[in-house]
Number of protein chains: 2
Amino acid sequence: MAEIRQLSQHVGENVTLRGWVEGTRGHGKVAFLVLRDGTGIAQCVLVKSQLPESVWDAHAELTPECVVAVSGDVREDARAPGGHEIGVTHMEVLATAADYPIQPKEHGVDFLLDHRHLWLRSSQQRAGLRVRAEVEQAIHDFLYDRDFVRVDAPILTGAVGEHAGTLFETDYFGERAYLAQTGQLYIEAACPAFRRVYCFGPTFRAEKSKTRRHLTEFWMVEPEVAFADSDENMRLQEEFVSYIVERALERCGDDLEVLERDTSKLELVKPPFPRISYTEAVEELQSRGSEVEWGRDLGATDEGDLMAERDLPLFVHDYPKQAKAFYMKENPADPRTVLCDDLLVPEGYGEVIGGSQREDDLDRLRERIAEQGLPEAAYAWYLDLRRFGTFPHSGFGLGIERTVAWITGKHHVRELIPFPRLMNRLYP
Amino acid sequence: MAEIRQLSQHVGENVTLRGWVEGTRGHGKVAFLVLRDGTGIAQCVLVKSQLPESVWDAHAELTPECVVAVSGDVREDARAPGGHEIGVTHMEVLATAADYPIQPKEHGVDFLLDHRHLWLRSSQQRAGLRVRAEVEQAIHDFLYDRDFVRVDAPILTGAVGEHAGTLFETDYFGERAYLAQTGQLYIEAACPAFRRVYCFGPTFRAEKSKTRRHLTEFWMVEPEVAFADSDENMRLQEEFVSYIVERALERCGDDLEVLERDTSKLELVKPPFPRISYTEAVEELQSRGSEVEWGRDLGATDEGDLMAERDLPLFVHDYPKQAKAFYMKENPADPRTVLCDDLLVPEGYGEVIGGSQREDDLDRLRERIAEQGLPEAAYAWYLDLRRFGTFPHSGFGLGIERTVAWITGKHHVRELIPFPRLMNRLYP
């Protein structure tokens, strides 16, 4: 059996393809069939006078998503999608698809999400998820090539993450377990083994948010580097993000075209990225009339304002201590702040990375845990990392769906994960 | 700052390394320090007459897992681990590690697992987890190079998996959600979009098992291919497993040496692998005196007996329907059986893959769901895949920890995952 991706190797031959019908049309003596086999799209041409009547009649009955085996001669045709056309010599219907729910008309997004298992077949969805897959492989390749060791962090944890109150909980043989919100704390433990480590996997937030940037289950990559400070951490981030964007531009051109993405803005994404401190960001916002006050975290609106006239990703660094997680290192130059950064991207996509140098001082870390009302016992092992050979280290987390939403230009993250989990959506 | 992995580029230079003390010894006038910086191990030599007294005295105080910055001249030395030696010119202690819990003596496994966050630093653990990371990258590379599209399956699901009764459950905004036992059903939905797909991630079984092959949280890769039958499925599996083993042999030689793995047996792992049917397997077992009866699944003991005199992985295919999951396709040649395979590996490691052709007939699938007492409503979307353009397809799941245990020769899977989750273990 041939595949559409390999048609260029079969020009002049008679091949058999199997796949799903995307659409059909007929003109009395000539009819067309657009076939999708998962590796590509091919236009198949049926000439009535050259085919058995049964084949011609079967074509007339085809509906979208029927499965057919098509035999035909492969011809080069620059006008055809994919550059080839199949001159059909035989066709067999392998499966029907009467009343296929998704029709070529406008459906509401709830309807489409209810039929996510079928919506995946649509061209926009295919393109978006192919970019996601490319981004994921690019992430692994970038880190592997730089000697990072992948360290899978646990999902089931006894300790709470950084946002208590938004945890999914489960009974674990009589104990209480929580679904991890981050793998960072765990992989910090692997730095003394491998120096450069990362985890990649699903993370969970039981947040009652209904914004276009929130999922209850989302994927993150979290690199962590021993002996790296906050400055090196940002340099790694800008190289990482630039590499990911470049890979998508290089290898997903067709998909970005299907998505009608204006790629000129992505082509600007090259290191270094500009940096401003949180304090500078607040001053800039205030000078534009914002009422933001020094001390509170920046929200989506603030981020939008900051990025309104910027074309490149922007680091905002050194946030106030009280606005950030307990594990971030106090800034020696200004102890009201911590050595951290958020990476904001243009075009309204906001934050895709949060990073920081980690607090490596045992006493200060214990204080922060107490201040935030977290149970020290759950973090005993994490404190051990500061007791036994503590070391400066930094890392960050990049959200896969937000990054892919930005690269693809899709409005809502829910289309960039195969089966989105939202506050009101657990099906399919 | 230099790194040990790059010492060969610095021969004859004075470099500064930072890392953790693995061990020290002294001989009056000359002392040694083995340094681990996460990228490698280097022997550092201190000559009393050539160093400030403070450095010499500091060396005497060092204990394992202290963090030091060592400056010194890089010399080639074939006898030294890594092939280089550092002639120390200066040393600074950056962090202490008094009373480091893991000492160079025998600890019980419970003690070590309680200190997993520190145990990761030990040479055997580093080696095992580095092989794991290599295997994971090899998996992604193999599939990416063959045009598989990665499709991340959800962890939180409303549907139950294949083993009801061993599910972790959580409250999902008032609904009941379960942690996925497999991503297969979901990625089947993506076959009509991409033909070849796979998911890679953690899966969960709330099983009260305490064997050396069970974890409550373990990682799986699950490839799925449209229009592939059971025979092609097994061919993909043997190529996949052979590639993974080859990559580990090629790129993890040092680690396998640390683990004292006899690699001669792994070098035999090349496709094709022998195949026997379940019925033949039962006959073989019976001929050896086993009381196994046709109809029940093979257990670890049966698998051990089958593999006792085999050096190559072995496919056992076409198990009885009642012993296998509802989604496996009925065998047209013998409807008492399904088109499936388990891949058993030698040396006592048992099953590392379970695969099957999937039932693509709507009515037969509904029957199987009813027979097994599963709630059809939860599978409505899965049945849709048979309603709208159904297609033959096959796939399999490979367990990461079992595969890595086999490759590394480790007895228990719990050492091949960074933070194992066992029935009685949720910490650290």
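How many residue pairs are in polar contact across the interface of chain B and chain A? The rule finds 45, with both residues at pLDDT 80 or more. A polar contact is a pair of N or O atoms within 3.5 Å; within protein, one must be able to donate a hydrogen and the other to accept it, and residues adjacent in sequence count only if both atoms are side-chain atoms.

This is a predicted model: local features need pLDDT of at least 70, side-chain atom pairs count only at pLDDT 80 or more, and totals for chains, interfaces and linings use all residues. Residues are numbered from 1 along each chain as its sequence is written, chains are lettered from A in the order in which they are written, and side-chain values use heavy atoms, without hydrogens and water.

Now the interface as a whole. Contact (heavy atoms within 4.5 Å) links 101 residues of chain B with 101 residues of chain A. The buried area is about 8,100 Å²; this is the accessible area (1.4 Å probe) that two parts lose on being put together, summed over both. Carbon and sulfur atoms give 61% of it. B:F173, B:F388 and B:L426 supply 10% of the area that chain B buries against chain A, more than any other three residues.

Charges meet here too. There are 12 salt bridges between the chains, each a side-chain nitrogen of Lys or Arg within 4 Å of a carboxyl oxygen of Asp or Glu. One of them pairs B:R195 with A:E3, with the closest N and O atoms 3.7 Å apart.
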